[in-house]
Amino acid sequence: MTSRNPRDSRLRLVSPRPLAAAPRAVTQRRTRRPAPRPPEGTPPPAELARMARTGLSDAARVARWADAALRPGRDGANPGGKGALSDATAERAAADLGLTPVQARADWDTARLAGLIEVHGDSARPGWRLRAWSRDDSAVLRGWVALFDAWSLAYPEPVDREPAAVAEVVSAMPQVLSFLQLSAGPVPVDQLLDLLGQRVTELRTERCEISYGPDPDPAPEPAEITDAPLAPLLDWALHALASVGALTYGEGQATLTPLGSWAVWVKLEQICVAAQSPAGNIEQPAEDMLRGCAQLRPNAARAEYRAWLAARPVGSAVTELIAAARGEDALTRGLAFEALRVVGAPAEPDVRAVVEETPLRPYALLWLAEHDGHDPEDAHEVLTRAESTWLWVDTAAAVADHGEAPLLVRHLESAVQPTVPALLHEVREVGHPRTVQVLVALAAAHPDPALAKAVRRAAFQVHTGGS
């Protein structure tokens, strides 16, 4: 980009990865934390993966059957059931696999939770983990952890309990699991019940659900409300965790399995990594967390995202990230979708819902393309020329706000237009609200006086509404 004549200036075409460009601009060196080691006695990854394959063998069997017999996306899913098996398909699976329809549905649901089957809109198809199941231990372990994260969905909720009480127990169980992990052995259920009661009380206190009546003495009724309903809910939670292979439960005590102990350690380690960041990202709302991650290298940022996500329900975390993406900061918008990539399949409905929002559309389309199996380097091909140009301006705004001048100049290389005049023309046409600021910053940064003059003229024309 050093031609004196802007009309002849060619832009080198590269596979654009604009979302990653801006964060790199503000990367700072950080002291690497030594790779943590799991607790003594934890089986090696290969053994953990073998355990996970054994535990998920029935789910993998149903997923492979669906891949071969149904060609998921055609007949394999109920068009109105978000990937649930239709009655006819459940009967067919049961007959082919020697199962009952109930067992076939249960194995199908487990396969979905573990990512062996992915639901896209109204259809389902084999997930990437199924393709890597036999050769990639890390894919197997990630699949099992995904199932572990969804333990409350893997076992029917008690029908005679208030949803709010169930939600409290689900929120409190990470502390119970941490205690089980630290105990490294059987723990009496009565002890777990006491701990659960304390945690639920803390959650209610944090929401200010405490009595402020004139009588300072505690009445017996609140004790009944706090303690009595928790025993059956704890029983449900322990059965649910046992159903996914995270613990064993019986004879009045619970014990984490090696897989369960390892998974809890992984979650705790993720939280510790985030807690060591200067901004304390795990405690921050999504927007502040993303700004903190802008200072990190991509791998470190992804570790922060995982830790932040591990500390809150997936649904509310995705809602927060989408809200942050709607803000004015283009860098935050790009980072929000990088964090949504870490979320994976559970974020798909929310991402699909924002496709028609102009500022988010290019990011959402790229996310969906990669989620649907496109190579990240080729995902940009799903964008129209105008969408690519909008994304180019948005990323340039992130670089201008948070990066360095040389990076803004290099950002020209990611444009889809073959010449600078074509780029300037299309940039003006898309109507991005930051167009003027981006062009002014680019003109100030570019070393070629002739090109800088052309860019500055385009900025003036956009500002005045001229042509």
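Overall make-up

The protein chain holds 23 helices and five strands. The model is a predicted one.

Of its 467 residues, 45% count as buried. The accessible surface of the chain comes to about 23,500 Å², and carbon and sulfur atoms hold 53% of that area. Among contacts in the chain with a separation of 6 or more, 67% are between residues 24 or more positions apart.

Nonpolar cores

The largest nonpolar core has 65 residues. Leu116, Trp144, Met173, Leu196 and Trp262 have the most contacts inside this core. Apart from it lies another core, of 62 residues, which includes Ala317, Leu360, Trp367 and Val393.

Leu116 can be followed in detail. Leaving aside residues up to four places away in sequence, Leu116 touches three alanines at positions 59, 60 and 63, namely Ala59, Ala60 and Ala63, along with Ala111.

Helix H2

Helix H2 spans residues 45–55, and its buried residues are Leu48, Ala49 and Ala52. Seen down the axis of H2, these buried residues fall within an arc of 100°, so they line one face of the helix.

Strand E4 covers residues 247–250 and strand E5 covers residues 253–256. The two strands pair in the antiparallel sense, over four bridges. Gly250 has Gln253, in E5, as its bridge partner.

Two residues lie between the strands of this hairpin. Glu251 takes a positive phi there, near 55°.

Conventions: Residues numbered from 1 in each chain as written. Predicted model: local features only at pLDDT ≥ 70, side-chain atom pairs only at ≥ 80, totals over all residues. Heavy atoms only, no water. Buried < 20%, exposed > 50% of the residue type's maximum accessible area, 1.4 Å probe, protein only. Arc of directions from axis to C-beta. Contact = heavy atoms within 4.5 Å. Areas by Shrake-Rupley, 256 points an atom, 1.4 Å probe, with all protein chains shown as cover. Pairing = 2+ DSSP bridges. Core = buried A, V, L, I, M, F, W, Y, C linked by side-chain atoms within 4.5 Å.
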